[in-house]
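Please read the points below alongside the structure.

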Amino acid sequence: MMNNIYPLEWFDSLILQTFDPLSMNIDSLTDNDIAVISENISKESIKIQVHIKNEVFSLKKKRHIRVTVRQYHSTLIFLLDSIMENRTEKVIQSDKIRKLADLLISNLDYLISFIEDRFSYYLSLDERVPITYLMVCRKELALKLQRISKRNLSCESDKVTIKRVVKIVQNAIEAENGKKLTYRRILYFRELLKLLDEHNDEMENLSIFSPLDELLIDHNFNSVQYISILTERMTEQIYKTEKQSAKLNLLLLFFKDFKQLHSNVKITFDASHQNIKDVLENWFVSEISFLQNRDKIEAQDISSSKKNSNPSHLADQNKIQCTLSSDQMGLILRATDETRILKAKSMSLIFKTIVPYLSTPFKRNLSYQSVRSKSYNPEEKDKEFVIKTLEKIIKHIKEY
């Protein structure tokens with residue numbers, strides 16, 4: 001029969017009441033009180049370990065053991081997060097109180113490790129990692145990312161890809177909500193970075209998908225930004241081809257290569273998004289359908305244009321002059337796609353739809369392919385000018 005006593009009550013009361021920054025309890029602790037509490041922290045820690053072992057071994061069913069272990073684990077993580085947060089409060093100024101908080105943190109961290117070592121079988125990988133563990137992991141992963149970013153890859157497209165992937169993973173690890181990271185997500189990062197670090201970039205590449213892409217797709221790296229890199233690369237290759245039939249044949253070739261790639265759907269970079277193969281397959285189907293019907297669409301456009309006075313020059317007639325250079329325009333359009341302010345099935349479609357209606361003081365007709373491609377290698381002066389322009393807009397809006 002399960003014991004109804006709450007074994008973490010002493011720790012719970014100490015952290016959530018005594019160490020509550022809004023209460024006056026913490027200021028009233030004497031040196032003797034601190035010495036007694038310090039001694040009891042160690043005693044309570046040992047008592048809890050014994051209690052957990054006895055309780056777990058008294059249970060017969062795995063389901064009951066799993067529930068019990070996870071309850072202790074999640075409660076200890078909550079208490080650890082609470083004392084870590086309280087320790088940063090300005091009201092806790094005394095060195096003695098800070099040392100007491102550190103002792104609490106150390107013992108809670110040890111209890112969590114004790115459960116993870118002894119009863120890992122019953123824990124879920126979707127449990128949130130404790131903040132102390134996360135801090136260590138962040139440092140470890142940051143060093144690996146630093147090493148990967150310094151790799152000198154031979155393939156130009158891989159250089160762009162690895163740079164973007166490092167940034168994507170770095171942002172995910174350092175995100176504001178990073179303390180919600182789970183063991184599963186940390187394991188994913190570790191395994192991915194290990195593979196990227198060991199990646200052999202000298203392997204022969206006979207496909208639009210490089211060995212690096214194969215690695216990322218296999219690891220279900222379903223980042224929206226990375227998927228955009230792949231679709232942009234393919235779109236650029238396809239639309240360099242002049243003949244309509246050749247465009248479709250090239251797309252079908254890419255699709256054939258893609259279908260042969262493996263992706264492990266049991267793991268994922270972002271569980272809130274679709275698997276990378278599903279997203280890309282939808283993109284291929286959409287693009288193939290578009291190209292197959294392009295001739296019909298163009299014929300309809302020509303027929304429609306004859307009914308209007310001069311619609312074939314509609315974009316030319318309605319051009320808007322922009323004081324930014326084409327390179328600077330490209331930077332803004334690329335940023336609106338990657339931040340999902342503008343949403344389209346590909347970045348190319350955004351450039352293709354908007355650029356024909358734009359001109360600069362020095363050039364009336366702009367190539368959307370040229371504007372898009374230049375956005376990937378911006379000059380510092382262009383970046384600075386765009387930032388100043390956006391700041392000017394922000395200032396103007398504030399005055400409305």
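1. Rings of Phe, Tyr and Trp (its six-membered ring) are taken as a pair if their centres lie within 6.5 Å; planes under 30 degrees apart are called stacked, those over 60 edge-to-face, and the rest tilted. By this rule the count is 14 aromatic pairs. One of them joins W283 and F284, an edge-to-face pair with 5.1 Å from centre to centre and 75 degrees between the planes. Both W283 and F284 are buried, where buried stands for under 20% relative accessible area, exposed for over 50%, and partly exposed for values in between (1.4 Å probe, protein chains only).

2. This is a predicted model, in which local features need pLDDT of at least 70 and side-chain atom pairs count only at pLDDT 80 or more, whereas totals for chains, interfaces and linings use all residues. Residues are numbered from 1 along each chain as its sequence is written, and side-chain values use heavy atoms, with hydrogens and water left out.

3. The confidence of the predictor in each residue is expressed as pLDDT, from 0 to 100. The chain averages 84, and 90% of the residues score at least 70. Among the elements of the chain, α8 has the highest mean pLDDT (94), while helix α13 (residues 314-317) has the lowest (56). Helices (H or I, at least four residues) and strands (E, at least two) are DSSP runs numbered from the N terminus.

4. An aromatic cluster is formed by Y188, F189, F221, Y226 and F269. The ring of F269 also has the charged end of R185 over it, 5.1 Å from the ring centre. A charge is assigned to this position if NZ of Lys or CZ of Arg is within 6 Å of the ring centre and within 35 degrees of the ring normal. In the case of K277, the charged end sits over the ring of F258, 4.7 Å from its centre.

5. Which phi values deserve a check in the backbone? Most residues other than glycine have a negative phi. N220, which is not a glycine, has a positive phi of about 50 degrees. N220 is placed in the loop between α8 (211-218) and α9 (224-240), and it is buried because its relative accessible area is 0%.

6. R340 likewise has a positive phi, near 65 degrees, and is a residue other than glycine. R340 lies in the loop between α14 (326-338) and α15 (347-354). With 31% relative accessibility, R340 counts as partly exposed.
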